[in-house]
Amino acid sequence: MVPSFFQNVWLIPCYSLIGAILTVPWSPGFIRKTGSRPAGYINILMTLLSFVHALVALSASWNQPAQHIVIPWLNVASLNISIPIEISSLTLAAIVLITGLNLLAQIYAIGYMEMDWGWARFYGLMALFEGGMCALVLCDSLFCSYVILEILTLGTYLLVGLWFSQPMVVTGARDAFLTKRVGDLFLLMGVLALYPLAGTWNFTELATWAQTANLDPKVAALLGLALIAGPMSKCAQFPLHLWLDEAMEGPIPSTILRNSVVVATGAWVLVKLEPVIALSPVALGATIFIGGLTAVGGSLIAIAQIDIKRALSYSVSAYMGLIFIAVGTGQTEAALLLVLTHAIAMALLYIVIGGVIWNSITQDLTKLGGIWSRRPLSGLAFLVGIAGLIALPPFGSFWAMLKLADGLWSTQPWLVGLLLTVNSLTAFSLTRVFGLIFAGKEKPMTVRSPEVGWQMVMPMMLLVGFTLHLPLVLQSLSLLPDWANVNKDVALLLIWSSIFGCSLSAVIYVIDTKFKPQLAVWKPLQNLLAYDFYTPKLYRFSIVFAVDSISKITAWFDQHLIDGVVNFVGFAAIFSGQGLRYNVSGQSQFYVLTIILGMTLFLGLLTIGAIH
């Protein structure tokens, strides 16, 4: 029975799609008597089925060679497009992560969206996301991966805009969609340009081709830059990072999934494309530069945010930047390990703050505080999430960052310094959020803030347990390095960077003493970080202004020149016809006279031309 689960792994995305299809009768309200809750329960059941199937198949695939299945799709002339599927321990582990987190997010949504009118639509879109991500993980084709990424972009637009009666939600969904479309457009250029060069879109075959490919440096650079543009937008990297901030207008249960694994879809494609990107040093340098800039910038911006969700969303961009650095330096194993540890810890943090927002009816950090005594479970869960996200042993992200830093220590030590800086800033930022929510004195919005219901507590505690046991799971799978072979200097630097960031933030935001230092920040610097380095204004004064100006010019040209010529011809025909109507007598001799005069005029013109 277990081998059949392994051989039929390609069915896993179909479970989610079936759940989404079965949601349709409840989504527009065709079925009213039962309410929309059956739609949610159906999707939870299908997600559970996907999770169990992937888990059983993972146990059968461990330490086994990868299997490849090819599904024919389109064969026209010399173009042959098929859907190759890779079934391996890596792809199945990714599916277990996706379905597991989606299952917890859907259970969480039962409590969080208890009275929401968009219940059925929400669960249908969550199923679409799950099916798309599972298909992306299994797919071994760049072209098919691009198609799936487009579907996920549409899903982001629909899910962020779930509460479409609110203007800010509509604006956020539109901006998120358009920003991701910019990266998708350049990625499409790279996808189409790659096929004539390599003759395939299969990731496995592309890796083999890249080993012996001899491309012109300019072609390789342009191709690599186009291919990293798509992951840039998916992973919210500068300058295509604003969409993740705008997407915070969506409901928290979708944010749990989006900020943990959805953003990692770009990282997954980037890891797959690493052999092709490595053909150009320019593309590799751009990958490292973009990742480093986003990592440091996102960590700094997160410190100045007063919105809970946005404070965490910039940390997501920062960690995706570290993954870009890992891929740019050829450390794909460290990148994948960082994706895993970040997804689990970040999902836990968003589950905790979702409960705080749901109970306190605000997500403004300046209006929160002093709820530790009323919500100790949430406070402990948030601390576990912080420990799981920063480089603090023995938790998961410590080993991921150690693997990355150890690989950079001898070749590019300045990147180790960047990694330590990002880790310290993230530790400071997360401890600040914890202090503003759980420490300090009670405020009017937190006087009554009891623990949330079991539907929201159970996923939180399950993730707490898994975060604590993740190192043991990795150790049992032989995915952690032997401590005897670890670079102790790098490990100590990572540990001290975490302690420094947490301690400094705790003194400022957590510990209540008479001698608490006052954090004096230069006001222009504070505004610079709070307003995202004024990136939205730069967009408005550059790209938006240019597009708006070009649109106005083309509109004027179309209205006055193109339409003007067409309208002139039409009006000339109307007026000439009206004028001729009064000059026609209906007598044959009049028509003969008109023909003779016309021929005489025509011959006269020909004669004049011949004389000259």
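**A guided reading of the predicted model**

Asn359 is found in helix 16, which covers residues 332-360; helices here are DSSP runs of H or I with at least four residues, and they are numbered from the N terminus. The structure is a predicted model, in which local features need pLDDT of at least 70 and side-chain atom pairs count only at pLDDT 80 or more, while totals for chains, interfaces and linings use all residues. Residues are numbered from 1 along each chain as its sequence is written, and side-chain values use heavy atoms, with hydrogens and water left out.

With a relative accessibility of 17%, Asn359 counts as buried. In this description, buried means under 20% relative accessible area, exposed means over 50%, and partly exposed lies in between, as computed with a 1.4 Å probe on protein chains only. Leaving aside neighbours within four places in sequence, Asn359 is in contact with Arg375, Arg448, Ser449, Pro450, Glu451 and Val452, where contact means heavy atoms within 4.5 Å. Asn359 and Phe324, by comparison, are 35 residues apart in sequence and 37 Å apart in space, C-alpha to C-alpha.

Arg375 is placed in the loop between helix 16 and helix 17. Its relative accessibility is 0%, so Arg375 counts as buried. What surrounds Arg375? Not counting residues up to four places away in sequence, Arg375 touches Gly355, Val356, Asn359, Phe438, Ser449, Pro450, Glu451 and Val452.

The discussion now turns to charged pairs. Side chains of opposite charge can pair when their charged atoms come close. A search of the whole structure finds 7 salt bridges, a salt bridge being a side-chain nitrogen of Lys or Arg within 4 Å of a carboxyl oxygen of Asp or Glu. One of them is formed by Asp140 and Lys272, whose closest N and O atoms are 3.9 Å apart. Asp140 lies in the loop between helix 5 (119-138) and helix 6 (142-160), and Lys272 lies in helix 12 (residues 264-272), so this pair ties together parts that are 132 residues apart in sequence. Asp140 is buried, with a relative accessible area of 1%, and Lys272 is also buried, at 19%.

A second salt bridge joins Glu150 and Arg181, with the closest N and O atoms 2.4 Å apart. Because Glu150 lies in helix 6 and Arg181 in helix 7, the pair ties together parts that are 31 residues apart in sequence. Arg181 is partly exposed, with a relative accessible area of 29%. Arg181 also forms a salt bridge with Asp184, the closest N and O atoms being 3.4 Å apart. These two residues are 3 apart in helix 7 and are therefore separated by about one helical turn. An α-helix has 3.6 residues a turn, so residues three or four places apart point the same way. Asp184 counts as buried, at 0% relative accessibility. Salt bridges that share partners join Glu150, Arg181, Asp184 and Lys234 into one network.

Helix 7 itself comprises 32 residues (167-198), which at 1.5 Å a residue should span 46 Å; its end C-alpha atoms are 46 Å apart, in agreement with that value. The expected span of a helix is 1.5 Å times one less than its number of residues. Just after helix 7, Gly199 takes a positive phi of about 75 degrees.

Further backbone features occur in loops. In the loop between helix 9 and helix 10 lies Ala236, whose phi is near 55 degrees, a positive value in a residue other than glycine. Ala236 counts as buried because its relative accessibility is 0%. Pro239 is found in the loop between helix 9 (217-234) and helix 10 (242-246), and the peptide bond from Phe238 to Pro239 is cis, with omega near 5 degrees. Another cis peptide bond joins Pro393 and Pro394, with omega about 5 degrees. Pro394 is placed in the loop between helix 17 (376-389) and helix 18 (396-409).

The cysteines complete this account. The structure holds 0 disulfides, a disulfide being a pair of cysteine sulfur atoms within 2.5 Å. Cys14 is in no disulfide, and the nearest cysteine sulfur, that of Cys134, is 10 Å away. Cys14 is partly exposed, with a relative accessible area of 30%.
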